[in-house]
Structure formats: structure tokens, C-alpha cells
Amino acid sequence: MASRMPRSLIALAVTALAACGKVPSVPVPDAAIWFITSPVLRDDTLSTDLKGGLVRLDTGTIRPVLAIRGTAQPLVTVATFTTYQGARYHPEMMRAVITDSAVVQPFARAVVTASMTAGKGLLIDAQEMSASDFGTFFPFLRALASAARDRGRTPFGVIVPAGDTLAYPTIQIARAADVIVVRFGMEHRPGTPAGPPATQDFVRRELGIRSNGLGASRLAAEFPLYGYLWKADGTARIVTYREAGTMLLQEAGAFRRDESSRYLTATLRDGSTMWVPDAETIRSLIVVAQSRGVNTIALSGITGADPSLLPRTVLTR
């Protein structure tokens with residue numbers, strides 16, 4: 001069902017930690033790694049074997065359509081159904097589906113059918129729903145879970161935003177889902193001051209809250225492999241590790257590592273500030289997740305990520 005962490009990731013991260021004198025005194029077991037496609041990046045241009053499939057909710061027809069075909073070899077890529085389209089999530093489109101009881105089951109079957117070539121299992125990524133939506137959202141989750149299991153699409157999981165247990169209540173979602181994937185990487189984002197997208201304390205706290213009454217074995221942690229660039233005027237956008245490195249190279253600048261979060265950060269000549277993760281950052285976040293008993297890790301946004309996060313066999317093809 002899941003792949004072990006690429007040895008290139010383990011080796012590089014352990015080497016980096018050793019150089020900083022931060023190797024854990026107790027060896028950390030390999031994590032089960034899923035690669036999923038981030039809907040906010042143009043992962044449709046990705047040419048490696050780490051591309052998780054993506055099924056979108058088409059805003060014109062309100063139908064599920066396969067946007068990106070997944071590649072399940074050599075590692076585990078997991079399919080995702082998302083309402084993200086045209087630079088934002090569309091909770092209003094999801095509401096149009098889940099409030100019509102005659103549509104719920106046929107729509108659930110259509111989502112599963114569209115996902116059949118999109119990788120293993122199926123995750124649903126319906127962000128920006130409200131707490132008042134859950135009464136109608138839950139029957140859809142049950143219908144989607146049933147349709148997925150009927151077609152052998154397991155595990156079935158729900159991606160939930162870290163910090164929102166009102167619109168995405170843990171125990172109730174767990175009645176339908178095999179796994180709840182807690183999405184990190186938005187602690188600092190567009191609309192907030194510049195800072196690390198996911199601090200270790202936040203990850204530790206949120207996984208502890210989610211595991212309360214459920215157990216950590218039913219949880220996964222999602223860590224995006226991109227970061228953010230904040231302009232001097234306070235606006236921000238996504239930036240990949242590769243893009244950030246190119247920008248610094250043009251200015252003959254260099255990253256520094258934030259000691260508390262392990263993210264890379266730098267300030268450009270125009271006053272812009274960027275925070276991006278590399279392999280050491282992700283390794284440190286995985287260690288934190290494992291300290292909470294969470295051993296399944298979803299990595300999203302491979303496009304433009306630190307090459308050290310990819311297995312050498314993929315890089316050399």
C-alpha cells in the first residue's frame with residue numbers, strides 16, 4: 001500500500017543532520033511515503049515517475065474529469081480528487097453536488113471511475129468547506145468511500161487543513177475514511193506575515209490534537225515541497241526550491257537555514273523574502289510526525305522541488 005522513504009532522502013537528510021549535530025539518539029524507522037500531485041502547481045508538466053494522478057471538479061459541467069494521469073511505478077503515487085480549479089478551491093460547486101441526494105451516489109461513482117488511472121487509492125481534497133456544510137458533506141464521503149472500495153480504490157482518505165477541526169471533524173470523518181491526511185505548509189502563506197510554512201511545534205501540536213480519540217495510525221501528514229515568496233508590499237505567492245535558487249543565483253545571494261524550523265530563507269535586493277523547504281527540512285518534519293506516531297507521509301508538489309528528494313533512479317532516466 002505504501003512505499004518506504006527513498007534511501008537517497010534518508011541518506012542525505014541524516015548526513016545533513018549529522019553535520020549540524022542533530023542526529024537523533026534513537027534511529028528513526030523508515031516512513032511510508034506517498035507522492036501526490038499538488039493542485040496549485042503545474043504538475044501536469046512533470047516528466048518523472050512520481051506524478052500522482054489528479055481528478056478535478058470541472059467548474060463548467062460540475063463533473064469529475066481526469067486532469068493528470070498518475071504513474072504508479074516505481075514508487076507509490078496516490079490519486080487525488082480536488083475542487084481546486086482556476087487558482088482557487090470551489091466549495092460552492094461541492095455544495096451543489098452534496099445537497100442533491102439524487103446526485104450524490106452517481107457523482108461518487110463518477111469520481112472513482114475517473115480516478116482509475118490516477119494512481120493507487122483515492123484522496124479527496126475539498127478545502128474551504130464550512131462547519132455548517134458537514135451535515136451534507138459526510139453522506140457524500142460515505143458514498144465516495146463505498147464506491148472507492150467497490151472498485152478496489154484503497155486506501156480512501158480525506159485531506160484536511162491543519163488547524164480546522166470544526167469544518168473537518170476528526171472522529172466523524174474517520175467513520176468514512178481509512179486515513180485522514182493532515183495538510184501542513186500553510187502556517188505562513190499569502191495573507192500572513194513572512195515565515196516558515198510549517199513549524200515543528202505546529203506539526204507536533206496539530207497531529208496530537210487529531211490523534212486524540214482516534215489514534216495516530218489512522219493519520220498521515222502532508223508536507224508540500226514548495227514554499228512562498230513575500231514581496232515588500234506584503235503580497236505573496238508560491239515559489240519552488242528550483243525557482244528560489246535561480247533567483248538567488250542571479251543576485252549572487254545565498255540561503256540561510258532557520259534553526260527553529262529548518263526551512264531555507266533568503267531576502268532579495270528588492271526586499272522580497274522567501275521561505276522554501278529542502279530535503280533537510282522535510283526530514284526534520286517527518287521526524288516530528290513520527291514522534292507523534294504518524295508514519296505515513298504524503299509529499300506534494302514535486303515539480304521544482306529539491307532534487308535530493310527524488311530517488312536517483314528517477315533523476316537519471
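Predicted model: local features only at pLDDT ≥ 70, side-chain atom pairs only at ≥ 80, totals over all residues.
A crossing of two helices is called right-handed if the near helix is turned clockwise from the far one by less than a right angle, and left-handed if the turn is anticlockwise.

Two packed helices are described by the angle between their axes and the distance between the axes. For helix α6, residues 200-211, and helix α8, residues 279-291, the axes come within 9 Å and cross at roughly 30 degrees. Angles under 35 degrees count as roughly parallel, and α6 is therefore roughly parallel to α8. The handedness of the crossing between α6 and α8 is right-handed. On the α6 side the contact is formed by Gln200, Val203, Arg204 and Leu207, and on the α8 side by Ser284, Leu285, Val288, Ala289 and Ser291. Sorted by class, the residues in this contact of α6 with α8 comprise five nonpolar, three polar and one charged.

The crossing of α3 past α4 is right-handed. From α3, the residues Val104, Gln105, Phe107, Ala108, Arg109, Val111 and Val112 take part, and they meet Pro139, Phe140, Ala143, Leu144, Ala147 and Ala148 of α4. The class composition of this contact between α3 and α4 is 11 nonpolar, one polar and one charged.

In the loop between α4 and β9 (156-161) lies Pro155. A cis peptide bond joins Thr154 to Pro155, with omega at about 5 degrees. Elsewhere, Arg262 has a positive phi of about 70 degrees, although Arg262 is not a glycine either. Its loop runs between β14 (256-257) and β15 (264-267).

The largest pocket of the model has a volume of about 480 Å³. Which residues lie nearest the centre of this pocket? They are Tyr89, Gln127, Arg183, Met186 and Arg189, out of 23 residues that line the pocket. By class, this lining consists of 14 nonpolar, four polar and five charged residues.

Methods. Residues numbered from 1 in each chain as written. Heavy atoms only, no water. 1 Å grid on protein atoms, 1.4 Å probe; cavity = no way out; pocket = protein on both sides within 12 Å on 5 of 7 lines; lining within 4 Å. Points joined across faces, edges and corners; volume = space filled by probe spheres on them. Nonpolar A, V, L, I, M, F, W, Y, C, P; charged D, E, K, R; others polar. Helix = DSSP H or I, 4+ residues; strand = E, 2+ residues; numbered from the N terminus. Contact = heavy atoms within 4.5 Å. Axes fitted to C-alpha atoms, helices over the stretch in contact; angles between N-to-C directions. Parallel < 35°, antiparallel > 145°, perpendicular 65-115°, else oblique.
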